[in-house]
Amino acid sequence: MSIRHSLLASHVRAATFAALLATVVSGAPAMAADAHAVTARNAWVRWLPNNLPAAGYVTLANDGDKPVDLVGISSDDYGSAMLHQTVSNGSTQKMVMVDKLTVPAHGSVAIAPGGYHLMLEDASHKIMPGSTVHLKLKFSDGETLDTAFAVKPPAGVQ
Ligand SMILES: [Cu+2]
């Protein structure tokens, strides 16, 4: 009985969502062309040889009045994509997984070397410096940003 109830509830939610979506879409012409609160710039991947994990970097800017969290990453180009933070502990450094990263209202956050990175593993095809890869950045407001990242060699390897 409870399973039927929850199934019914999810159907109702889906229908409500579809109705909402229809409203939003039909109202679209009146809205600004770009309704995304968060935009991405300077997106690049530091590639490493021998199938070592790569690191993605990007600056996220939020034009909206509310903070928005980056809550997930996925990619067809990598089997695994995660948000990591490099934490230094005196002379040692380690990486920790991060559930979310807040982009402040009318502000920006840099996922940059030495701080956060997008850990990219299990490349699904041959990726080399000069390639472009795509990451889908998922946000707490329900938006997904499909972002192109330029693949670059690590410093010193040209
Ligand atoms: Cu990492």
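Start with Gly115: is Gly115 buried, partly exposed or exposed? Gly115 counts as partly exposed because its relative accessibility is 22% (buried means under 20% relative accessible area, exposed over 50%, partly exposed in between, with a 1.4 Å probe and protein chains only).

Before you click on, note that this is a predicted model, where local features need pLDDT of at least 70, side-chain atom pairs count only at pLDDT 80 or more, and totals for chains, interfaces and linings use all residues. Residues are numbered from 1 along each chain as its sequence is written, and side-chain values use heavy atoms, with hydrogens and water left out.

Stay on Gly115, which sits in the loop between β7 (107-111) and β8 (strands are DSSP runs of E, at least two residues, numbered from the N terminus). Leaving aside neighbours within four places in sequence, Gly115 is in contact with His84, Gln85 and Thr86 (contact means heavy atoms within 4.5 Å).

Now select His84, whose ND1 is a donor of the copper ion. The site is tetrahedral, with angles of 90 to 118° among its 4 donor atoms (four donors count as tetrahedral if all angles lie between 85 and 135 degrees).

Last stop: keep Met95 in strand β5 (residues 92-97) and Met119 in strand β8 (residues 116-123), a pair 24 residues apart that links distant parts of the chain. Met95 is partly exposed at 43% relative accessibility, while Met119 is buried at 10%.

Key:
Donors are N, O and S atoms within 2.8 Å of the metal (3.2 Å for Na, K and Ca); water is not among the atoms, so sites may look incomplete. Four donors count as tetrahedral if all angles lie between 85 and 135 degrees; four count as square planar and six as octahedral if opposite donors are over 155 degrees apart and all others between 65 and 115; anything else is irregular. Helices (H or I, at least four residues) and strands (E, at least two) are DSSP runs, numbered from the N terminus.
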